[in-house]
Amino acid sequence: AETERSAARSLAEHEAAKEHVSQLAGTLQQQRARERELAASALAARRETQALEGRIVSLEALQRAALGQGEGQVVDWLSSQGLGASPRLAQQLSVDSGWERAVETVLGSYLEAVCVDSIDDVAAMLGSLSSGTVSFFAGARIPSGENAAPHLLRTRVAGPAGIDAFFEGIHAAESLDEALALRSTLRAGQSVVTRDGIWIGPDWLRVSRDQDAHQGVLEREQLLRDGHAELERLQRRQEGLEQDLAALRVRIQELEDGLAEGQTRISAAGMAHMDLRSHLDGLRARAEQRSARLEQLTGELAELEGALDVANGGSRAARGRLEEAVATMTDLDDRRRMLEAEREALRGRLAESREKAERERNLAREAAILVESRRAARDSLVAAVSRLESQLAQYSARRAELESQLASGEQAES
């Protein structure tokens, strides 16, 4: 029972671990999808930021060239006087949209003027300027159109107070027809300028359709301001996305670690459950075996009880047969003693026969040895006779040879 309860608990733990891992896997899948989305958004933001930075760099290069901030003696002189980083007037102006060309027409080359805190301080430096042209403006920024009539161009511009003199008496007109209509009302020193830069006085008119170095400076400056603001926004967005992405990746790593740990727990719980299940199955198999053995023993016991009844019934006959067997055993015992005495007598005769046979075998061995010895002597004599006969034949042949040679010698002497 305890093993079954343990197996049930291990199965419940295994199922709970599987459910937890399944939830973790689902969450991990969602987080990975979110990671891909964030990574794509961060990449897009990075590319957008880089593209905007490239546009800003190009605009700044054009703006520096237009404002005379590139190279030259004046630029070197300003740097030597600590004014190289000072802003130019165009960079300090904020013009209402659509009126940039009109303001550029009025200010002209003064758009390149270097903004300083005090003209008196600058005047003391001029002795070291050997060549070149440079303009300076001093004064704090004031709100657009402050102390100016609504119909004046000054209301369209916000910048240093020193520019007020340049806009004094200059009216703003939406079109050439409106400007021409205002011309008859202009007094001495007054003028009117249109959106597209046509500048008209009481008895004069100025218009330039050539490509001017300062054309588009104010619009480009506004584009740079907007670009820097947009770049800052994009950088903040990119930074936020990258921070979110980094935090999400940390979360994904935690989920992956948790998933690995959960899978380890599933494996361990599964193995524990299998061990308990195997043990429980073994216990059940042994219980079934014991139950079958018990049934077998019960049957055998019944058979034994029946056999016992039969044995009890025949015990009296067996006792009578036993008494008869005891009497028979007494007779057999007497017979046994007689047979034992006869066996001893036979053993004595057998021993005598064995001794006699041994003596006869010894005599036979001695006779065989004597026969073998005589046979060997005979073979030796036969061999000696054969050798003598061979030698005798050789001697006879030699004798005949000598006699032949002797006869031949005698005939030769005759």
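This is a predicted model: local features need pLDDT of at least 70, side-chain atom pairs count only at pLDDT 80 or more; totals for chains, interfaces and linings use all residues.
Local features are reported at pLDDT of at least 70 and side-chain atom pairs at pLDDT 80 or more, whereas totals for chains, interfaces and linings use all residues. Residues are numbered from 1 along each chain as its sequence is written, and side-chain values use heavy atoms, with hydrogens and water left out.

Across the whole structure, 22 salt bridges were found, each defined as a side-chain nitrogen of Lys or Arg within 4 Å of a carboxyl oxygen of Asp or Glu. One of them joins R249 to E35, with an N to O distance of 3.0 Å. This pair links distant parts of the chain, as R249 lies in helix α8 (residues 217-413) and E35 in helix α1, 214 residues apart. Helices are DSSP runs of H or I of at least four residues, numbered from the N terminus. R249 is partly exposed, at 43% relative accessible area; this class lies between buried (under 20%) and exposed (over 50%), for a 1.4 Å probe and protein chains only.

Helix α1 (residues 2-66) also contains S22, which is partly exposed at 45%. The C-alpha atoms of S22 and L259 are 8.7 Å apart, although 237 residues separate the two in sequence.

Note on methods
Helices (H or I, at least four residues) and strands (E, at least two) are DSSP runs, numbered from the N terminus.
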